[in-house]
Amino acid sequence: MVQIAIIGSGPSGCYVADILAKKIPESQIDLFDRLPTPFGLVRAGVAPDHLHTKNITRQFERILSRENIRFIGNINLGTDLSYTELKQHYHIIVIASGAPLDNKLNIKGENLNGVYGAGEISRWYNGHPDSAQLNPHFSNAVAIIGNGNVALDIARILSKQHQQLINSDMPQRVLAHLDSACINDIYLIGRRSAADASFTPAELQELLSLPNIAAVIDSEQIPEQLPVHIEEGQRRNAEKNLSLLRALHTSTKPVTKASIPAWVDGKTRLHFINCASAVSINGRNNQVTTLHLVKNQLDGASATPTDEYICVNVDTVISAIGFQSLSIPDIPFDSAKGIFLHQQGKIESGVYATGWCKRGSHGVIPANRVDAVNLAKTIIADWEHTVLPPHKTGFSGISTLLENKNIKPVSYKDWLVIDQAEIKRATQSKPREKFTSITQMLTLVNKS
């Protein structure tokens with residue numbers, strides 16, 4: 001029996017498990033997760049109003065129901081189990097732990113109240129236990145630094161009204177918090193031009209289509225022609241993005257309360273600011289009051305600061321400038337890039353990485369599937385050339401270690417108990433009311 005351990009039960013981990021389970025039928029595949037819940041970013045990263053995307057969990061449920069795949073939740077590699085212990089009991093190990101850490105802005109004022117990372121905010125509105133107790137400050141004006149889909153997700157969630165979110169799987173506590181927020185202005189800030197934005201046209205169209213949004217952009221920030229440095233694979237999306245932005249109202253100055261045109265009155269004002277970088281955040285009584293930006297001069301794909309500055313009065317700053325993986329003791333790690341050290345996905349003999357912890361925080365779920373397929377081919381080829389592999393005990397050996405440490409793992413059957421309880425807790429048309437406390441989940445499982 002080939003004993004395989006996969007660390008992380010998000011899309012990357014599930015896809016690799018599915019392929020290996022089919023291609024190496026004599027295998028037992030154990031999917032470990034530090035939470036009692038599976039599915040990773042699909043549950044806790046995909047925006048709660050994108051239920052059509054979250055429905056991919058149905059495919060993952062079928063994967064986790066396979067006879068030779070086992071979910072082992074509530075186990076943290078590096079604390080509950082060591083890397084050395086894992087290698088002793090498994091022939092093949094795949095790290096698919098994602099990238100949960102927000103990149104830092106590394107500017108003055110970053111530690112003021114009212115400054116958050118995009119991952120922190122998205123975990124909060126998705127009910128992730130790590131951020132469930134967050135009490136983000138939203139009042140009047142919010143700046144979102146970043147030009148990707150995550151930035152647009154946050155802008156959309158903050159712009160939507162109660163009735164537009166009531167059908168989501170957003171926790172009731174979060175919904176009530178957003179209901180009490182009084183956000184009038186949202187600034188979306190990109191370091192380079194509108195043509196360089198990494199968000200997709202579908203995400204941009206969805207945001208701009210909200211009836212309570214009034215979006216404005218400086219026409220000078222929209223290039224008349226697509227810059228030559230835009231890569232071939234990105235040109236089609238870039239053209240569509242520019243077309244959508246050209247249709248917006250244009251203004252060389254932010255629309256303010258002093259002079260509100262009729263088309264803006266009563267709506268959330270969405271300001272696109274491109275070719276600008278954050279240089280400092282100022283505050284009063286430890287609370288954010290202003291964000292200082294420097295205008296950038298573009299030379300192809302490069303952005304160079306000028307001597308011209310912009311000051312934006314905001315109460316909240318959210319950085320959506322990418323994520324890094326969390327290192328695990330004894331596993332080679334590139335701290336500068338925030339990924340595990342590897343060669344074409346191989347960390348060392350029998351140990352591999354896939355997804356964001358391998359290539360960085362770019363690419364959506366389909367990209368992770370492609371990555372998983374390619375890695376599975378590598379693993380299978382390596383295994384076929386393995387001569388007389390030693391006997392390893394897999395989870396039977398690991399379970400003894402956990403029992404000796406008084407650590408109780410959560411099984412897939414246990415997860416189904418949590419799942420059904422969340423569905424029953426839902427009110428009105430919500431698909432579920434999530435448990436946001438690990439203690440709550442474990443108490444529920446122990447009672448069942």
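Analyst: A salt bridge here is a side-chain nitrogen of Lys or Arg within 4 Å of a carboxyl oxygen of Asp or Glu. By that test, the structure holds 22 salt bridges. The model is predicted, so local features need pLDDT of at least 70 and side-chain atom pairs pLDDT 80 or more, while totals for chains, interfaces and linings use all residues. Residues are numbered from 1 along each chain as its sequence is written, and side-chain values use heavy atoms, without hydrogens or water.

Start with K160 and D49. Their side chains form a salt bridge, with N to O at 2.7 Å. It links distant parts of the chain, 111 residues apart. K160 sits in the loop between α7 and α8 (162–165). D49 sits in the loop between α2 (41–44) and α3 (51–54). Helices (H or I, at least four residues) and strands (E, at least two) are DSSP runs, numbered from the N terminus. K160 and D49 are both buried, meaning under 20% relative accessible area; exposed is over 50%, and partly exposed lies in between (1.4 Å probe, protein chains only). K160 and D49 also belong to a salt-bridge network that includes D153, R156, E203 and E206.

Next comes D371. It meets K358 in a salt bridge, again with N to O at 2.7 Å. D371 lies in helix α13 (365–384) and K358 in helix α12 (356–359), so the bridge ties together parts 13 residues apart in sequence. D371 is buried at 8% relative accessible area. K358 is buried as well, at 13%. R359 also forms a salt bridge with D371, the closest N and O atoms being 3.2 Å apart. This pair runs from helix α12 to helix α13 as well, across 12 residues. R359 is partly exposed, at 22% relative accessibility.

Back to α7. The axes of α6 and α7 are 11 Å apart, at an angle of about 45°. That makes the two helices oblique, the class left over once under 35 degrees is roughly parallel, over 145 roughly antiparallel and 65 to 115 roughly perpendicular. Axes are lines fitted to C-alpha atoms, for helices over the stretch in contact, with angles from 0 to 180 degrees between N-to-C directions.

α6 (118–125) lies across β6 and β15 (316–319), at about 80° to β6. α7 (149–159) packs on the sheet and touches β7 (139–145), β8 (182–189), β9, β11 (268–273) and β15. The direction of α7 makes about 165° with that of β8.

The sheet is open and has seven strands. Its order is β6-β15-β7-β8-β11-β9-β10, with parallel pairing. Strands pair if DSSP finds at least two bridges between them. β6 (115–117) and β10 (249–250) are the edges; each has a single partner strand, so one side of each lacks a neighbour in the sheet. At the β10 end, two bridges join β9 (213–217) to β10, and these strands run parallel. I217 has T250 of β10 as its bridge partner.

Q3 is found in strand β1 (2–7). It is buried, with a relative accessible area of 8%. Beyond its neighbours within four places in sequence, Q3 contacts Q28, H89, Y90, H91, I92, K392, T393, G394 and F395.

How values were computed. Contact = heavy atoms within 4.5 Å.
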